[in-house]
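Let's take a walk through this fold, strand by strand, and then look at the space left inside. Keep the viewer open as you read.

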Amino acid sequence: MSQGANAPDPGNEQSATGRLLGLVHSFVTTHVSWKPLFIGAVITDDGRMRLYFRSPERDRTYGVDVLIGNTGPGLLAALDSPSFLANEYLHQPSDDPHCDVIVDLTAY
């Protein structure tokens with residue numbers, strides 16, 4: 001059985017997994033009631049991942065799409081802000097069963 005045409009390169013997948021674990025580690029802290037609660041992450045494509053956050057003020061889960069290579073301090077600070085995720089101009093309908101709204105930050 002051959003691999004699919006879109007199968008990620010094992011080296012790229014290992015690198016992406018390492019960056020994802022580093023990013024997850026930066027969100028795993030003592031929960032503060034006004035901050036979005038980080039609930040999970042998944043690598044969605046070669047070079048992309050979706051981070052899941054629960055809103056502290058709304059009964060809503062956000063799926064935030066980011067490029068793995070662009071997960072610097074500015075993006076991390078934005079994701080810690082409840083007002084940033086609450087900006088409805090950034091929301092897109094979700095077909096993901098794990099979140100209510102998609103926020104595409106791949107161009108951030």
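β4 and β5 are joined by three bridges and run antiparallel. For the bookkeeping, strands here are DSSP runs of E of at least two residues, numbered from the N terminus, and two strands pair if DSSP finds at least two bridges between them.

A word on what you're looking at: this is a predicted model, where local features need pLDDT of at least 70, side-chain atom pairs count only at pLDDT 80 or more, and totals for chains, interfaces and linings use all residues. Residues are numbered from 1 along each chain as its sequence is written, and side-chain values use heavy atoms, with hydrogens and water left out.

Now zoom out. The five strands make an open sheet with mixed pairing, in the order β1-β2-β3-β5-β4. β1 (37-45) and β4 (91-93) sit at the edges with a single partner strand each, so one side of each has no neighbour in the sheet. From one strand to the next, the twist averages 30 degrees; the axes behind that are lines fitted to C-alpha atoms, and angles run from 0 to 180 degrees between N-to-C directions.

Let's cross the sheet from the β1 side. β1 pairs with strand β2 (residues 48-54) in the antiparallel sense, over seven bridges, and here glycine 40 stands opposite tyrosine 52 in β2. Next, seven bridges join β2 to β3, again running antiparallel, and these two strands form a hairpin with six residues between them. From β3 we step to strand β5 (residues 101-104), where the pairing is parallel, over four bridges. Valine 64 stands opposite valine 103 there.

How enclosed is β3? Six of the seven residues of this strand (residues 61-67) are buried, so β3 is largely enclosed by the rest of the structure. Buried means under 20% relative accessible area, exposed means over 50%, and partly exposed is in between, using a 1.4 Å probe and protein chains only. Leucine 67 lies in β3 and comes out as partly exposed, because its relative accessibility is 28%.

Arginine 50 is worth a stop. This residue lies in strand β2, and its bridge partner in β3 is aspartate 65. At 14% relative accessibility, arginine 50 counts as buried. Its side chain makes a polar contact of 2.9 Å with the side chain of aspartate 96; such a contact is a pair of N or O atoms within 3.5 Å, where one must be able to donate a hydrogen and the other to accept it, and residues adjacent in sequence count only if both atoms are side-chain atoms.

Which residues line the largest cavity? They are Pro36, Ser55, Pro56, Glu57, Arg58, Tyr62, Pro82, Leu85 and Ala86. A cavity is a set of points on a 1 Å grid over the protein atoms alone where a 1.4 Å probe fits but cannot get out, and lining residues have an atom within 4 Å of a point.

Note on methods. On a 1 Å grid over the protein atoms alone, a cavity is a set of points where a 1.4 Å probe fits but cannot get out, and a pocket is an open set with protein on both sides within 12 Å along at least five of seven lines; lining residues have an atom within 4 Å of a point.
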